[in-house]
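Biologist: I am new to this structure and would like to learn how to read it. Could we take it feature by feature?

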Amino acid sequence: MKSRDVGIVFRKELLDLLRDRRSILATIVFPIALFPLLMFGSSRIREVGEKNLSLEVLAVSVQDATEELEARLQADRSLAVRAVDDPRAALSRREIFGAVLVSDPIPGPGEDPAPVTILMDDTAERSEVAADRLREHVESWQAELQAARIESIGAAEGLVRAVEWESVNIASEARMAGDSLGRFMPLLLLFLLMNPASVAATDLFSGEKERKTIETLLTSKADRRSIVMGKFLTVILVAVLSTLLFLASSLFFSRVGAVPDDALMATLSLSVPSLLVVILVSIPLAIFLSAILVLVAAQAKSYKEAQTLLLPIMLAALLPAAASLLPGIRIDSIVALVPIANTALAMREALVGNFPVIPLALVVLSNALYAGFVLTQAVSYIESEESILGERPPTPGDDSAGAAREATLYGLGTLLVFYYLGVRLQAADLLSGLLVSLWGIILGAAILFAVVKKIPGRDAFALRAPRPLALAGAVLLALPTLFAAHGLFALQSLFVPVPEQLFEAMEKMMDLGNGSLPLLVFAIAISPGICEEAFFRGLVLGRYREARLPAWKAILFSALLFGLFHLSIYRILPTATMGAVAGWLTWRTRSIFPAMLFHTLYNGTLVLGDTYGFPGESLPSSPLWIAGLVLAAGLGVLAITSNGSESRSRG
Amino acid sequence: MSSMISADTLVKRYHDPARGDLLAVDHVSFECREGEIFGLLGPNGAGKTTTLRMLATLLKPTSGTAVLNGYDVIRESEKVRASIGYLSGDTGLYGRLTPLETLRYFARLNHFPESRLEERVNSLVREFEIERFADVRCEKLSTGMKQKVSIARAVVHDPAILIFDEPTSGLDILVADTLLTYIERCRDLDKCIVFSTHVMSEAERLCDRIAVINEGRILAVGSLEELRRLTGERYLEKIFRTLLESGSREIA
């Protein structure tokens with residue numbers, strides 16, 4: 001790659017794009033105009049809403065009020081006074097929109113004034129209106145009381161104050177923030193970043209094919225990498241520029257007072273440091289998303305095809321961001337690693353003036369890593385021949401790659417069924433739910449696939465008699481793997497603290513048998529050993545092998561899928577480790593039975609350990625233990641590998 | 001002077017799920033010298049474009065190689081690209097750039113010396129009578145104007161070798177004639193030219209030597225006279241048909 005060529009392509013593409021009206025609109029006009037438009041729009045909506053509200057009769061309640069105050073409220077035709085038991089609960093259920101709490105009786109002159117509390121819910125606009133009305137009544141009542149006292153005793157104002165009112169907002173802070181525009185800022189930013197980038201990616205990559213200029217470009221002296229990088233820089237610049245323009249415009253318009261609503265603005269901390277952090281986290285994301293968009297756009301032969309491909313990608317990219325903005329989700333070390341969602345959350349924190357240093361650093365770092373990865377993928381794809389000429393000459397192995405994809409998709413589909421059906425069944429009744437999930441959903445899905453695809457059971461599930469040595473190897477590997485997985489889990493929880501609920505859920509599993517050990521062993525050790533192995537190591541791994549995936553990929557992917565089925569981010573690492581060993585066993589021996597035995601022993605050890613205090617729960621500490629485990633692992637590997645080569649030479 | 005292009009048993013194989021392995025180019029070898037126009041003549045799908053794309057380093061040969069201007073297409077692809085101008089019939093232009101900007105862009109991409117760049121661009125603008133619309137965006141130009149810009153663009157870096165892939169397809173007769181005349185002039189300037197077509201009259205008019213290609217294989221190579229002698233036919237159409245039917249071998 002030559003920086004000079006990159007520069008030549010970059011300058012040309014920039015000039016070219018700047019002459020495109022769509023790009024200008026998406027990159028410059030739209031981001032600048034969006035903020036004031038939004039503000040204007042939301043304030044208009046508010047005004048209209050408030051106008052309607054001012055005509056509405058609102059339900060309120062008074063507690064322990066003097067007759068005088070109650071009479072005032074009853075007289076107000078815009079209020080409907082109701083008796084409720086618990087005003088706070090009624091308020092949050094929106095049965096009433098305000099409440100006045102008065103301490104009874106009103107103290108005499110010279111004593112401390114009585115506290116009066118006006119309850120309201122800031123997240124309900126009706127409540128704001130109701131609270132305003134209540135406030136007016138309380139204030140005029142207070143003034144009247146005071147005036148009467150001054151008249152009768154002539155005391156100073158402080159001494160005659162009969163009541164002191166305060167307004168209490170019952171909405172939680174999260175709910176407050178939930179209503180503010182701040183919630184949508186990260187989404188807007190993501191959209192503004194992707195919108196012009198997708199226009200540019202389409203024009204620079206798919207457009208080159210549609211205009212039939214790609215051959216000419218690629219027959220110039222400049223190497224492909226330089227050309228791709230020059231184009232890439234343009235797309236990234238456009239994405240970053242649009243983000244910067246939006247932020248600058250937001251800052252400008254909020255400073256000049258174009259934001260009509262102070263309350264709205266209060267939750268949005270558009271300070272310079274906030275914006276700098278937002279920019280810092282956006283740039284690696286801009287590169288990451290640009291790379292994805294470019295990778296996709298490069299596969300399209302025309303603008304139209306590119307748009308069809310890019311729209312779902314953009315929506316899919318907005319989803320994790322949207323989900324991450326739900327109340328209660330905060331950025332921590334795990335979420336900081338989830339692409340897109342991490343940036344949305346980091347922006348959200350920064351916009352309300354929080355700067356958690358470690359998560360923010362993780363966000364930038366992980367995004368930079370993802371960006372680098374996708375970027376190299378995109379560059380190497382575009383360098384490849386099929387991307388150039390618009391057509392994609394099928395290469396050997398293409399159809400078999402399809403078989404691997406099919407198996408993965410089928411696995412993910414089964415995961416969905418498992419998630420929606422199995423989890424519900426287990427919630428209803430753990431034991432029967434678990435057994436139905438294993439024997440019905442997982443094994444059922446595996447058999448269904450084999451039947452529909454007409455794959456003989458022997459091939460679908462690697463139902464071949466293993467050599468005795470392979471079974472011995474499986475036995476030897478169970479305990480070392482268990483401890484390795486536990487060790488990884490312990491190591492992981494140093495960085496990612498595991499929530500209590502997970503342990504509780506595991507404990508519940510162990511109480512399954514209602515005291516019957518054989519039942520427990522059957523449910524937790526034997527059933528998973530048979531059903532899960534048939535699915536993950538038999539079917540999925542088998543399809544991968546059929547697709548001629550390299551061993552490491554096949555084992556890794558099937559193990560990850562297996563990890564996903566445990567539906568807990570904390571358990572993916574240990575379960576995938578176990579799955580990888582089982583996968584390796586099956587790959588080497590070409591038989592499912594060693595893996596089934598291994599899995600049953602692995603889970604069985606957990607069950608027995610829980611029942612009899614076998615040291616399956618804690619890490620081995622004595623050197624003898626560790627030496628024993630290493631020895632067992634070594635012998636196990638030896639037993640499998642010697643067996644594996646034999647069976648390969650036979651098969 | 002030795003040959004400027006030397007294609008040595010070029011093979012390009014694709015895999016097609018329906019038809020199995022497909023030999024788009026099947027052991028193609030030929031030479032082309034300075035001041036020579038070498039024609040690849042064959043029906044659609046014969047492998048002409050794939051061959052030319054391998055010469056232009058757009059595609060990598062499955063096996064075999066080619067040497068252009070002394071550089072190997074596989075190992076020295078960058079130097080090969082600097083030596084060639086490539087133009088195919090359906091080549092497009094960047095709609096939002098003007099002809100002048102287009103020419104400058106490609107001159108720079110081909111590392112044409114900056115000091116002589118304007119002079120070179122201006123002389124091409126005069127030569128192809130682009131002056132009138134040199135500052136108009138390409139999207140506003142007529143087909144004929146665009147084609148002139150395309151040709152100028154292909155030769156802006158003054159390459160020693162020109163590769164034309166059915167350059168007249170889709171052009172009206174007059175514009176096609178301008179192009180063919182220009183190609184003849186390039187021969188007079190001692191350029192080495194490879195030219196693919198399925199139009200017999202173009203091959204007859206231009207080519208010093210013709211390779212008849214079908215289903216990826218060269219059936220015969222020679223001057224028009226040699227091909228006439230080989231087949232006993234006078235017209236190229238007949239020569240072509242005879243060769244296709246007999247599947248005869250190379251003679252040159």
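Modeller: Start with a single residue. The model is predicted, and in it A:Asp20 touches A:Asp203 and B:Arg96, leaving aside residues up to four places away in sequence.

Biologist: Where is A:Asp20 found in chain A?

Modeller: A:Asp20 sits in the loop between helix 1 (3-18) and helix 2 (21-54) of chain A.

Biologist: How many residues separate A:Asp20 and A:Val199 in sequence, and how far apart are they in space?

Modeller: Sequence separation and spatial distance have to be read separately. A:Asp20 and A:Val199 are 179 residues apart in sequence, and their C-alpha atoms are 9.9 Å apart in space.

Biologist: What do the totals for chain A look like?

Modeller: Chain A has 26 helices and five strands. It has 651 residues, of which 41% count as buried. Of its contacts between residues at least 6 apart in sequence, 75% join residues at least 24 apart.

Biologist: And what are the totals for chain B?

Modeller: Chain B has nine helices and ten strands. Its residues number 252, and 47% of them count as buried. Among chain B contacts between residues at least 6 apart in sequence, 68% are between residues at least 24 apart.

Biologist: Where does helix 12 of chain A bend?

Modeller: The bend is at A:Ser282 and is about 30°; a proline, A:Pro284, follows within four residues.

Biologist: Why is helix 12 of chain A described as largely enclosed?

Modeller: Burial is again the guide. Of the 28 residues of helix 12 of chain A, 21 are buried, so the rest of the structure largely encloses this helix.

Biologist: Which residues of helix 8 of chain A meet helix 12 of chain A?

Modeller: An α-helix has 3.6 residues a turn, so residues three or four places apart point the same way. In helix 8 of chain A, the residues that meet helix 12 include A:Leu189, A:Leu193, A:Ala197 and A:Ala201. Their partners in helix 12 include A:Ser282, A:Leu285, A:Leu289 and A:Leu293. The two helices pack at an angle of about 40° with their axes 9 Å apart, and helix 8 passes helix 12 in a right-handed crossing.

Biologist: How is the angle between helices read in chain B, say for helix 5 and helix 6?

Modeller: Helix 5 (residues 143-155) and helix 6 (residues 173-188) of chain B pack at about 15°, with their axes 10 Å apart. Angles under 35 degrees count as roughly parallel, so helix 5 of chain B is roughly parallel to helix 6 of chain B. On the helix 5 side the contact is made by B:Thr143, B:Gly144, B:Gln147 and B:Ile151, and on the helix 6 side by B:Val175, B:Leu179 and B:Tyr182.

Biologist: At what angle do helix 3 and helix 4 of chain B pack?

Modeller: Helix 3 (residues 99-109) and helix 4 (residues 114-127) of chain B pack at about 130°, and they are therefore oblique to each other.

Definitions and conventions: Residues are numbered from 1 along each chain as its sequence is written. Chains are lettered from A and ligands numbered from 1 in the order in which they are written. This is a predicted model: local features need pLDDT of at least 70, side-chain atom pairs count only at pLDDT 80 or more; totals for chains, interfaces and linings use all residues. A residue is buried if 20 or more other C-beta atoms lie within 10 Å of its own, exposed if 12 or fewer, and partly exposed in between; C-beta atoms are placed from the backbone. Two residues are in contact if their C-beta atoms, placed from the backbone, lie within 7 Å. The bend at a residue is the angle between axes fitted to the seven residues ending there and the seven starting there. Axes are lines fitted to C-alpha atoms, for helices over the stretch in contact, and angles run from 0 to 180 degrees between N-to-C directions. Angles under 35 degrees count as roughly parallel, over 145 as roughly antiparallel, 65 to 115 as roughly perpendicular and the rest as oblique. A crossing is left-handed if the near helix is turned anticlockwise from the far one by less than a right angle, and right-handed if clockwise.
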